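Please read the following structure with attention to its backbone geometry.

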Amino acid sequence: MTEIITPRTLGTTGRVEFPEGFLWGAATAAFQIEGAAHTDGREDSVWDTFCRIPGAVLGSDDGEVACDHYHRYREDVALLADLNLDTYRFSSSWARVQPGGGAVNQKGLDFYSRLVDELLTKDLLPWITLYHWDLPQAIEDQGGWTNRDTAYRFADYAVTMHEALGDRVGVWTTLNEPWCSAFLGYTGGIHAPGRQSRPDGLAAAHHLLLGHGLAVQALRERAPEANLGITLNFTVADPVDPDDAGDVDAARRIDGQFNRIFLDPVIKGEYPADVLADVEQYGFADHIQDGDLAIISSPIDALGVNYYHGELVSSRPASTELVGDAPVERKTSSPYPAADSVFNHPRGLPVTDQNWEIQPEGLTRLLNRLQADYTGPAGVPLYITENGCAYDDVVEADGSVDDQNRLEFFDAHLRAVKDAIVDGADVRGYFAWSLLDNFEWSWGYSKRFGVVRVDYETQERTVKASGRWFAQVAADNAVPARS
């Protein structure tokens, strides 16, 4: 079994300082917090539709109200400032800006304009993500991301957003976690739009990447000085037995179909040969047209890294299972198009309340690998754009939330980030996931990730112990010594 390494700074050096200018932020996503699902012209996204499918989301929860951020954004921006943060990563809703995938909705644009102005008033850097999974349902009805035309429509949407905000926003992320959009959405049926097709997921993956590249080119032409990037979610796939060929191949498959299928075309301008061979039977190569990879690999200025945990895998089933998916009633499938013989094994690590193993050393290894093999040679800085954990918080009699488990999670992972920086990884910022408790996709409102608690009945916000601790970290640019 691959050795689990304790972060070198944990329990040894106490206080851990970060480089001057390191960015501290928090992140959210439009569908998860905005609410106002059918207000001021917004129409259904694929997630609105998915929430109405029986058994698809725990508790039949939806995003109709969520955290009501659409109406409470000033309060939430004030929270960001009170947390001493430098920047706020948020996403714009395509379904709000172009409801039905058609004409631009000025009221939708106006909301994001007001939000940006409020952030700037508080001296917070707006960090916008153009796509965090809320495809207009009307575009899905025309094929969604399996339709090549959607990539071009996405680039047009990117230009629309830049025309409205480009005078005040300088940092633009095209996509958040295309692995989830493509494979959880079109192959596993776990996320919207809920399809369960291996060919569809692969087609969506390529078209998402094409949309990214087209958007980068369009924005670069309009604003050469803009900071443009993409956020990918990553795992660290380890074989149970590094000397077993089947286990090694299992790790290769997961690494290929989770990490490299997106990372290689963006940074290196090519799909990995082994992944192409794995998925050949599903017609993936048929979607790749001449010139696509040159578009997809258009130079970027930042790579966003989302990390939650790694995977320990084998070609043999585990004796015990650790299920980290939402226990929904609706039948779903594996999101991997070509990993039927791969089985996850528990590492025996502590877990969050989603049964996600807590593996901070995996983040160090991931960042070092990215620096050595991808972003370092390409000269692209790294930002941790999501890292966090779900716990079933206990509200004390006085209304406070003493979430020491979440605080300890952040502490360990920030120390792991510092380890990578010491090793030479060019990591320039960290965004906690999430600012607010929110709609957690197929988990509904059953799992809480926020450093700020949201009472969904009253919409009252309460900064948790982890939030107060994170505010001090941001103010000091350092993780304090742990007692």
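**Backbone and packing**

Asn477 lies in the loop between H15 and S15; helices (H or I, at least four residues) and strands (E, at least two) are DSSP runs, numbered from the N terminus. The model is predicted, so local features need pLDDT of at least 70 and side-chain atom pairs pLDDT 80 or more, while totals for chains, interfaces and linings use all residues. Residues are numbered from 1 along each chain as its sequence is written, and side-chain values use heavy atoms, without hydrogens and water.

Phi of Asn477 is positive, near 55 degrees, and the residue is not a glycine. Most residues other than glycine have a negative phi, and most peptide bonds are trans. Asn477 is buried at 18% relative accessible area, where buried means under 20%, exposed over 50% and partly exposed in between (1.4 Å probe, protein chains only).

Asn477 follows H15. Helix H15 (residues 465–476) has twelve residues and spans 17 Å from first to last C-alpha, close to the expected 16 Å, which is 1.5 Å times one less than the number of residues. Its buried residues include Trp469 and Phe470. The buried residues of H15 pack against several elements, among them helix H14 (404–423) and strand S12 (427–433), with contact meaning heavy atoms within 4.5 Å.

The loop between S12 and strand S13 (452–454) holds Ser434. A cis peptide bond with omega about 10 degrees joins Trp433 to Ser434. Trp441 is also found between S12 and S13; its phi is positive, about 55 degrees, and Trp441 is buried at 5% relative accessibility.
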